[in-house]
Amino acid sequence: MKTILSGENIRKSFGEGEEKNRVLDGVSVEIREGEFTAIMGPSGSGKSTLMYTLSGMDDIDEGKVVFDGRELSALKEKDLADIRRRDMGFVFQQPTLLKNLSIMDNIILPSLRDNRKKAPQLRDKAESLMTRTGIGGLEKRNITQASGGQLQRAGICRALMNDPKIIFGDEPTGALNSTSAREIMGLLGEIHRSGTTILLVTHDIKVAAQAERVLFLLDGKINGEYKLGLYDESREDLKAREEGLTAWLVERGF
Amino acid sequence: MYGRAILNDMARSRVITLTTMLFVTAAALLVSLAAILGVHLSGAIDTLMTRSETPHFMQMHAGPLDQERLEAFAFRQEAVAEFQVAEFLNMEGARIVFEGGSLAGSVQDNGFTVQGEKFDFLVDLDGNPIQASQGELYVPLTYGQAGLVKPGDEVKVAERPFIAAGFLRDSQMNSLLSSSKRFLVSPEDFEALRSLGSLEYLIEFRLHDLADLGAFEAAYDAAGLETNGPTITYPLFKMMNGLSDGLMIAVILLVSALVVAVAFLCIRFTLLAKIEEDYREIGVMKAIGLRTGDIRKIYLIKYAALAAVGSLLGFGLSFLFRDALLADIRLYMGESETGFLAPFMAAAGVMLVFLVITAYVNGVLGRFRKIPAAQAVRFGISQEKPGKKRSLALNPGFFLGTNTLLGIKDVLAAKKLYATMLTVLVLAAFIIIVPRNLYHTISSENFLTHMGTGKSDLRIDVQQTDNIAEKTAEIAAAMEKDPAIVRYAVLTAKSFKVLRDDGLEQRLRVDLGDHEVFPLTYTQGRGPVKEGEIALSVMNARELDLQTGDSLTLIVEGQEKSMTLSGLYSDVTNGGKTAKAVFTDPSAPIMGTMISAEIADPSLIDGTVAAYAARFGFAKVSGIEEFIRQTYGPTIASIGKASYAAGAAALTITVLITLLFMRMLIARDRYAIAVMKTLGFTNGDIRKQYSARALFVLAAGIITGTILANSLGEALSGAMIASLGVASFAFTISPLESYLLSPLLMGLAVIAATVLGTLDAGKIRISENIKE
């Protein structure tokens, strides 16, 4: 399988002088097309920062990030924005919807920028995505009139609107109750099976256990990689994967 | 502990701190100046009028005078403390020649007088009554200020040489708005000049108690004494002396009120932005048990420090500017005896500014109470709930594009927030447009028709001379034959008695003639066209308590004549008390005549004016533009300058506030901006959205401001102009300036400020603002 995203010897620090804090210290990583990868690690290990640098949202001090054959650090702000809009989807811990827009408008917003004339088609597509994610009928609602789980689904719909090559998730179930979290993971699994690459940051073993492989980050370095293979969506499989992953993580002092 | 935190904070947000301080300083400076000027002006007027012993009642009179009868009257009146008759020798302007040129073109009535016998002293620049020696001439300050003459110059009066010995302050006629100017000479020289000009009398009284003035005026009228000329009383002298500087103080106060308002807005912006910025910290402070009052104190101290420094700076600066602005008052009126009070009043004013600002900050900080600690700690940003409201759908067909629509949606969703910026823009539009409109209005020729004079190209006044009727006829005959003159009209001023409801009689100056040729603008009704009709100036109508349609009784040729009031008009000439009618009464003595004419070719006006002036030396000939220039010239010029200054100030305020506002918005929206960026919106897209917000608010501001300027502004200006005696008032609007230039300039200012203010949007890092 072809590599869609790679990071090579990424170094990244915050602060200056004595307060300088190296968050990523020579991280190299490769994400293959269609793969579902989870990044785990204790708080402060640099996992979110890794995701932000890999998606081009944050710049790097040293190293190289290549997405779909293009080196992100060499691109201008405008081109990076184009890539994020057309080829990437993002799901965050909090539903990052804009409060002045209805749920429907929030979902079509990024697609609208390039396809103003195809608005009716965009709305159709959004409606079918909403039905698929179980929030059909909420199109005209204001974002204050929906639950956290519903908003997170709307966020996923937005991420899927442009048929992205990759979806980045930063603790996408972190702010949800267990039922909603399960449903969201089910949804992401489904998206993955339809061929979309997924890269998640999480500290939740239940979430990470549904990925094909887990990267463990410690003190800004990749400390190890655990391969889980494809998840068959059965309870038993999930249980077994969780146990295996837990044992591996304990070995690493997690 | 707070000191260092405050200094650090100010250093971090230098632009905002400086801007806020600038406005506080400006507000304190203006308030302090207004207080200083106010104290000095009122004190200086009092000092001048006390030293000069200004008459309480003064009747000007041309024609024979019965001194004994007047003395007897004065003796009988218990209210009278002193009485005197002063002589005023009218001299044609052309016969008063300075080294630099003559007063030929002057629209003032220039005359000579000797020092007052008992009171009404003309004083020198030290405030002492002047004793002129033979050959010495003391010149009204105005002419010195105009650069026509300086002490030591030779001045020729009717070919006789004089030495300009110095300048004089005249508590009656200092003001440009007063239509006469007095030169002082020695009694010997006065006698020598006597036959060369026309004599007028100033019949003057000082009373024991000014409160008796009303009763005394009525008694003078009732006694049937000399009345061929205007009557002026002490309060009017005082008003004339105070008017121009008083207007300046009023304008300063008005501007300082606006600056304080802008300072408030500025503080509100920065404070709200700061609260947004520190949201999490405030939450944390609450969470660890600090009281709202404690937290409030931290912020309050900073703004109180800022307000204190600004106020002190403003107070200090006001003393730098003080002398420049006081120069005129000092020159024309002298020192104020209460001047020592000025710094205290200024300090009190500045203290008030400081207290008002601190109280305001405290009020805005009241919202700390509403910050929920848990939410603030968790999200670090206020979680406003827009509630159930209809949200504008993102319509992709919208012709301006998604970014524009997103910008407009934000404005509509947070109307309260944008209302502040809207207010600033409305104020700015108002401040730019109103003074310009005022300027165009006053400098327009039509404005004269609001002031008791019809619009004509040429105006000839014949008064204070003998054989007025014949001289007027001579001019009329010349005009009749003059091909350059399209039409002309003669108005003859005569004095009649009016029978009042209370049975008393009152004099009325009536301009007789055809009032249709060069019509006035009437506040109410129309001009007189029939024999039995009369129009009254607003002041007269008010005094006689009459409305359009009412009737009044005049004594004409010894008979009672009932007249119907056809209309009212504003008048600033002749003390504001005039009337217009069309009947004739050959028996009544003529006070003066005025001939107005329209000239066929505007390019011939100057030539015609010069020709008539040369031919009819006894008359005062003026082109209308010259008349406006001389009478209102300085007022028009200062309003013109003030309007440019106001425009520049308004544009500066617009730029500063827009800049601050945009920075605040960016701080507030950093999360939403980060979200937009993750969705693939470029910095350019985001700037477009913010420009759309600013331009949307700008459009609303300009429209509202323009409408307000042309309605409320007109009313306000009308009220200000009313102090000049003009009751009806409508703006003359320059569409190019009001509807094109001013919106264009404001638009450019807002766009420039928006671009500058949103530069920071590009620096917002997604990871820092979205990371949990």
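The legends below describe close-up views of a predicted model. Local features need pLDDT of at least 70 and side-chain atom pairs count only at pLDDT 80 or more, whereas totals for chains, interfaces and linings use all residues. Residues are numbered from 1 along each chain as its sequence is written, with chains lettered from A in the order in which they are written.

**View 1. The fold of chain B.** Chain B comprises 21 helices and 21 strands, taken as DSSP runs (helices H or I, at least four residues; strands E, at least two) numbered from the N terminus. Of its 772 residues, 45% are buried, that is, with 20 or more other C-beta atoms, placed from the backbone, within 10 Å of their own. Among contacts between residues at least 6 apart in sequence, 83% join residues at least 24 apart, a contact being a pair whose C-beta atoms, placed from the backbone, lie within 7 Å.

**View 2. The interface between chains A and B.** Here 27 residues of chain B are in contact with 33 residues of chain A. Helices α12 (402-413), α18 (670-678) and α21 (766-770) of chain B each supply at least two residues of the side that touches chain A.

**View 3. A sheet in chain A.** Four strands form an open sheet in the order β2-β1-β4-β5 (chain A), with antiparallel pairing, where strands pair if DSSP finds at least two bridges between them. The edge strands, each pairing on one side only, are β2 (21-32) and β5 (70-71) of chain A. Strand β1 (residues 3-14) of chain A pairs with β2(A) over nine bridges in the antiparallel sense, and A:K12 stands opposite A:L24 in β2(A).

Key. Two residues are in contact if their C-beta atoms, placed from the backbone, lie within 7 Å. A residue is buried if 20 or more other C-beta atoms lie within 10 Å of its own, exposed if 12 or fewer, and partly exposed in between; C-beta atoms are placed from the backbone.
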